[in-house]
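Subject: Handover of a structure, with findings

Dear colleague,

Please find below the structure that I am handing over to you. My notes on it follow directly after.

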Amino acid sequence: SVVCHSALNRSVKEFNLTNPAEILDNVRRLVIETFAKSESEVKDGMDIGLCAYNVKSNQLYFAGAHNGLYVITRASNEKTISYADKTGSVTYSNDRKHALCEIKPDKQPVGKFAHMTPFTVHQVPFQENDILYLYSDGYADQFGGPRNKKFKSKNFKKLLLECHQLQLEEQKQKIQYKFQKWKGHREQLDDVCVLGIRL
């Protein structure tokens, strides 16, 4: 974590990179170089979803290492829905008024990997008042409920569609409550991070 944090900072501040895919490529290079100096081989890597927003051109860019991006938009937003259909998936709200557009990540970590390829940058279309969610896999992977099963990404998407129109603080409370209720007295298996950004 410390090595990856340092590599992210260096990629932006020292190498002046702004393209999320180029940042992840450079972070991977720095991480591999750092661990190459170690006597024992480190095969661990970092999962991350990374966005860049250009305020001048009003453009949104995304790259991901195992962690994707959700954009919840109006069902009439054909550009974002069409893009998600090509690169990920689309889930509609029960009233069909909104759509959760999933932008899939690359299936590789930031770190040493058997089949390393350059990370993919997505230029993601969006509309004003859309909401972005970046997330770790800890929420969907948590065991709980009456049958002690994983929460799963399908239920996580459904939860976000149910609460995305609330104020961000209210969303936070609802997401935390649902997680605690699902987990119950069981041990939390992983770190949980959910970041919502209203555009």
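Where is the place of Lys152? This residue is in the loop between strand 9 and helix 4. Please bear in mind throughout that the model is a predicted one. Every value that follows was computed from it.

Most residues other than glycine have a negative phi. Lys152 is not a glycine, yet its phi is positive, at about 80 degrees. Its relative accessibility is 52%, and since the cut-off for exposed is over 50%, Lys152 counts as exposed.

His66, also not a glycine, has a positive phi of about 70 degrees. The loop that holds His66 runs between strand 2 (59–65) and strand 3 (69–74). With a relative accessibility of 33%, His66 counts as partly exposed.

**Helix 1 and helix 2**

Two packed helices are described by the angle between their axes and the distance between the axes. For helix 1 (residues 2–13) and helix 2 (residues 20–36), the angle is about 130 degrees and the axes are 9 Å apart. The two helices are therefore oblique to each other, and their crossing is right-handed. On the side of helix 1, the contact is made by Val3, Cys4, Ala7, Leu8, Arg10, Ser11 and Val12. Helix 2 contributes Ile23, Asn26, Val27, Leu30, Val31, Thr34 and Phe35. By class, this contact has ten nonpolar residues, three polar residues and one charged residue.

Leaving aside neighbours within four places in sequence, Ser11 is in contact with Asn16, Leu17, Ile23, Asn26, Val27 and Leu30.

**Helix 4 and helix 5**

The axes of helix 4 and helix 5 cross at roughly 150 degrees and come within 10 Å. This crossing, too, is right-handed. The contact is made by Leu159, Leu160, Glu162 and Cys163 of helix 4, together with Gln171, Lys174, Ile175 and Lys178 of helix 5. Sorted by class, the residues of this contact are four nonpolar, one polar and three charged.

Gln171, which is found in helix 5 (residues 168–183), has a relative accessible area of 2% and is therefore buried. Which residues does Gln171 contact, leaving aside its neighbours within four places in sequence? They are Ile131, Tyr133, Cys163, His164, Leu166 and Arg198.

**Aromatic residues**

The count of aromatic pairs comes to eight. One of the pairs is formed by Tyr139 and Phe151, with 5.3 Å from centre to centre and 75 degrees between the planes. The pair is edge-to-face, because planes over 60 degrees apart count as such. It links distant parts of the chain, the two residues being twelve residues apart. Tyr139 is in the loop between strand 7 (131–135) and strand 8 (143–144), while Phe151 is in the loop between strand 9 (149–150) and helix 4 (153–163). Tyr139 counts as buried at 2% relative accessibility, and Phe151 counts as buried at 3%.

Both residues belong to one aromatic cluster, formed by Tyr70, Tyr135, Tyr139, Phe151, Phe156, Phe179 and Trp182.

Val124 is found in strand 6 (residues 122–124). Its relative accessibility is 3%, so Val124 counts as buried. Not counting residues up to four places away in sequence, Val124 touches Leu60, Phe62, Leu69, Val71 and Ile103. Val124 and Leu60 are 64 residues apart along the chain, and their C-alpha atoms are separated by 5.5 Å.

Lys79 lies in helix 3 (residues 78–87) and is exposed, with a relative accessible area of 67%. Between Lys79 and Asn9, which are 70 residues apart in sequence, the C-alpha to C-alpha distance is 33 Å.

With kind regards

Notes: Residues numbered from 1 in each chain as written. Predicted model: local features only at pLDDT ≥ 70, side-chain atom pairs only at ≥ 80, totals over all residues. Heavy atoms only, no water. Axes fitted to C-alpha atoms, helices over the stretch in contact; angles between N-to-C directions. Helix = DSSP H or I, 4+ residues; strand = E, 2+ residues; numbered from the N terminus. Parallel < 35°, antiparallel > 145°, perpendicular 65-115°, else oblique. Left-handed = near helix turned anticlockwise from the far one by under 90°. Contact = heavy atoms within 4.5 Å. Nonpolar A, V, L, I, M, F, W, Y, C, P; charged D, E, K, R; others polar. Phe/Tyr/Trp six-rings, centres within 6.5 Å; stacked < 30°, edge-to-face > 60°. Buried < 20%, exposed > 50% of the residue type's maximum accessible area, 1.4 Å probe, protein only.
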